[in-house]
Amino acid sequence: MTSQPNALAQTADFEFAALNEAKNYRRALLRDFEPYLRGNVLEVGAGIGQITSELRQMPEIQKLLSIEPDAAFCARLRARFPQHDLLQGTVGDLQSETDWNAILSINVLEHIEMDGEELAAYHHLLQPARGALCLLVPARPEIYAPIDKDFGHFRRYTRLELRRKLEGAGFKLVRFRYYNFAGYFAWWVNFCLLKKRSFDVAAVRLFDRAIFPLVHGFESRICPPPIGQSLMAVAAAR
């Protein structure tokens, strides 16, 4: 039903190291999704568990199942949380009669070539409970860089493309906006202009501590950004 994410282990560690430093970014994103993360929640593409650790602390989540196709990442996640409910595979391997209230997919869909089929699978899982898909994907094809290819990204999304694919899978958009205005320019300079092929972890830490909180506060409370590094969507299964 679905394609396996095309993640590359040799570059994924750079991504995980950067995400580990992006504490404010990670927590802000989950705060934005938190109203919809309740009941039975499915985390798609858990990696080594950096988002999982935050989800496990959310009191409104009664059941959390994480899915990750990469065996090495699963081993690291299991070592970190031995009792956590984890499935090695994709949503196509899920054998469960659970009515899912939410699916969380952060920087996963771009790894999947047949992304329309993946979204249809999410809708099928969420429809019985009229659940919500909480989705974050890379945005703006003009900043697709060599590092995107290294990470196994098939695409960066336009608003129109993502909207059409979500609606085509049967979803109704509840929230939909660009995310991380400053990150758009940081990505363009570092990875399009300078052609860097890895993250500077210290630079990510500085951005996360000094720049992101100010920018995010403005774009979430005052004015949604006209462009951004990512697209954030909350979509309801009708």
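How many strands form the open sheet, and in what order do they come? There are 7 strands, ordered β3-β2-β1-β4-β5-β7-β6, and the pairing is mixed. Before the close-ups, a word on the model: it is predicted, so local features need pLDDT of at least 70 and side-chain atom pairs count only at pLDDT 80 or more, while totals for chains, interfaces and linings use all residues. Residues are numbered from 1 along each chain as its sequence is written, and side-chain values use heavy atoms, with hydrogens and water left out.

**View 1**
Two strands pair if DSSP finds at least two bridges between them. The edge strands are β3 (86–88) and β6 (171–179), each of which pairs on one side only. On average, neighbouring strands of this sheet are turned by 15° against each other, direction ignored. Angles here run from 0 to 180 degrees between N-to-C directions, and axes are lines fitted to C-alpha atoms, for helices over the stretch in contact.

**View 1. Two helices lying on the sheet.**
Helix α4 (residues 71–80) packs on the sheet and touches β2 (61–68) and β3; contact means heavy atoms within 4.5 Å. The direction of α4 makes about 160° with that of β3. Helix α5 (residues 115–126) also packs on the sheet, touching β1, β4, β5 (132–138), β6 and β7 (230–237). The direction of α5 makes about 155° with that of β4.

**View 2. Strand β4 and its partners.**
Strands of a sheet pair through backbone hydrogen bonds, either parallel or antiparallel. Strand β4 (residues 102–106) pairs with β1 (residues 39–44) in the parallel sense over 4 bridges, and Leu-42 stands opposite Ile-103 in β4. With β5, β4 also runs parallel, joined by 5 bridges; Ser-105 has Leu-135 of β5 as its bridge partner. Is β4 mostly covered or mostly open? Mostly covered: 5 of its 5 residues are buried, where buried means under 20% relative accessible area, exposed over 50% and partly exposed in between (1.4 Å probe, protein chains only). In a regular strand the side chains alternate between the two faces of the sheet. For β4, Ala-102, Leu-104 and Ile-106 are buried on one side, and Ile-103 and Ser-105 are buried on the other.

**View 3. Strand β7 between β5 and β6.**
β7 pairs with β5 in the antiparallel sense over 7 bridges, with Leu-133 taking Ala-235 of β7 as its bridge partner. On to β6: 8 bridges join β6 to β7, again antiparallel, and Phe-171 stands opposite Ala-237 in β7. Because 7 of the 8 residues of β7 are buried, the strand is largely enclosed by the rest of the structure.

**View 4. Helix α2 against helix α9.**
Helix α2 (residues 23–33) and helix α9 (residues 201–221) pack at an angle of about 25°, and their axes are 8 Å apart. That makes α2 roughly parallel to α9 (angles under 35 degrees count as roughly parallel, over 145 as roughly antiparallel, 65 to 115 as roughly perpendicular and the rest as oblique). From α2, the contact uses Lys-23, Asn-24, Tyr-25, Ala-28 and Asp-32, and from α9 it uses Asp-208, Arg-209, Phe-212, Pro-213 and His-216. Sorted by type, the residues of this contact are 4 nonpolar, 2 polar and 4 charged. For that sorting, Ala, Val, Leu, Ile, Met, Phe, Trp, Tyr, Cys and Pro count as nonpolar, Asp, Glu, Lys and Arg as charged, and the others, Gly among them, as polar.

The structure holds 0 disulfides, a disulfide being a pair of cysteine sulfur atoms within 2.5 Å. Cys-134 is buried at a relative accessible area of 0%, and Cys-192 is buried too, at 13%. Cys-223 sits in the loop between α9 and β7 and is partly exposed, with 38% relative accessible area.

**View 5. Two loop residues with positive phi.**
Arg-130 lies in the loop between α5 and β5. Its phi is near 50°, a positive value in a residue other than glycine, and at 54% relative accessibility Arg-130 counts as exposed. Lys-195, in the loop between α8 (181–193) and α9, has a positive phi of about 60° although it is not a glycine.
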